[in-house]
Amino acid sequence: MRVLAEHVLGITVDVDGAAHLLSAGARPCVIVANHQSLLDAVWLAWVLPRRAVVVASASVARLPVLGWFMRLAGNLFVRRGDSQSIKALFDGSLRCLERDKTSVVMFPEGRRNPARSGALLDFKKGAFYLAYCVRAPVVPVAVQCIHPLYSWSDRRFRRNCVIRIRVLAPIPTHALAEEAIPALVTNVRSDIQKACIALAQPQQPPPDSIDY
C-alpha cells in the first residue's frame, strides 16, 4: 500500500505519535480511526503494525485493485444490516486477536464520512466491545480532513501532497467494566475529533536557529 501511495498516487504521509503503537506492547490491539474514503487503508499503511487486518464493507472486496489487495491480505468484510455477517465479523475479529495475535482496525463511524468540515459521525460501540471482550488496548488514530486534497464527488485528487496522521496514546481495557463502554466511546470520539482539528491547522515552520 505504501508503494502504491508513494509511486502511483504521489502521496506521502506524516505520522505523529507512531511510538504509541509500540507502547501498546507486543500483544494485538484494536485500532480505531475516522473514516473518510476508500483510500483510508492506503495511508493508514504508514502506521499499522505488520500483523493487522482492516474491517471493511463487503462492497470493497469486489473493487478492482484495492479489493484484490485487501482480500489477499486476509482483511475482514461485513455486510451492513446483515446480522449473520455481523456475527461472522465479530467471531473473525476474536480469532484474529486471540488465536492469530493480529491487531484489528475498525472505523467506528460505521461508514465513510467525507464531511467538508471534518466533523465526525457518532461512533458505534462494536470496536470497543470487542476490545473489552479480549482485554485488548484501544489505539485511537486521527487522519486529517482530506476533502481539500481528495473528493470523488468534486472530481478532485491532488498528487504530490502530504497527509497528516496522529496516533494517540493506547487505552488499556484490562480493568474496563462493561457499563463504562459508552463513556469510552464518547471520550475516544472526542479525542479523535480534537486531533483531526489540530491536524487541519497549517504547520508552523521550525524556528530559525540562533548562534550564541
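A residue counts as buried under 20% relative accessible area, exposed over 50%, and partly exposed in between (1.4 Å probe, protein chains only). The model looked at here is predicted, so local features need pLDDT of at least 70 and side-chain atom pairs count only at pLDDT 80 or more, while totals for chains, interfaces and linings use all residues. Residues are numbered from 1 along each chain as its sequence is written, and side-chain values use heavy atoms, with hydrogens and water left out.

Start with helix α5, residues 83–98. Helices (H or I, at least four residues) and strands (E, at least two) are DSSP runs, numbered from the N terminus. Its 16 residues reach 22 Å from first C-alpha to last, close to the 22 Å expected at 1.5 Å a residue (1.5 Å times one less than the number of residues). Buried residues of α5 include Leu89, Gly92, Ser93 and Cys96.

The structure holds four salt bridges. One of them joins aspartate 16 and arginine 166 at 2.8 Å. Aspartate 16 sits in strand β1 and arginine 166 in strand β9, so this pair ties together parts 150 residues apart in sequence. Another links arginine 99 to aspartate 100 at 2.9 Å; arginine 99 is exposed at 59%, whereas aspartate 100 is partly exposed at 25%.

Note on methods
Salt bridge = Lys/Arg side-chain N within 4 Å of Asp/Glu carboxyl O.
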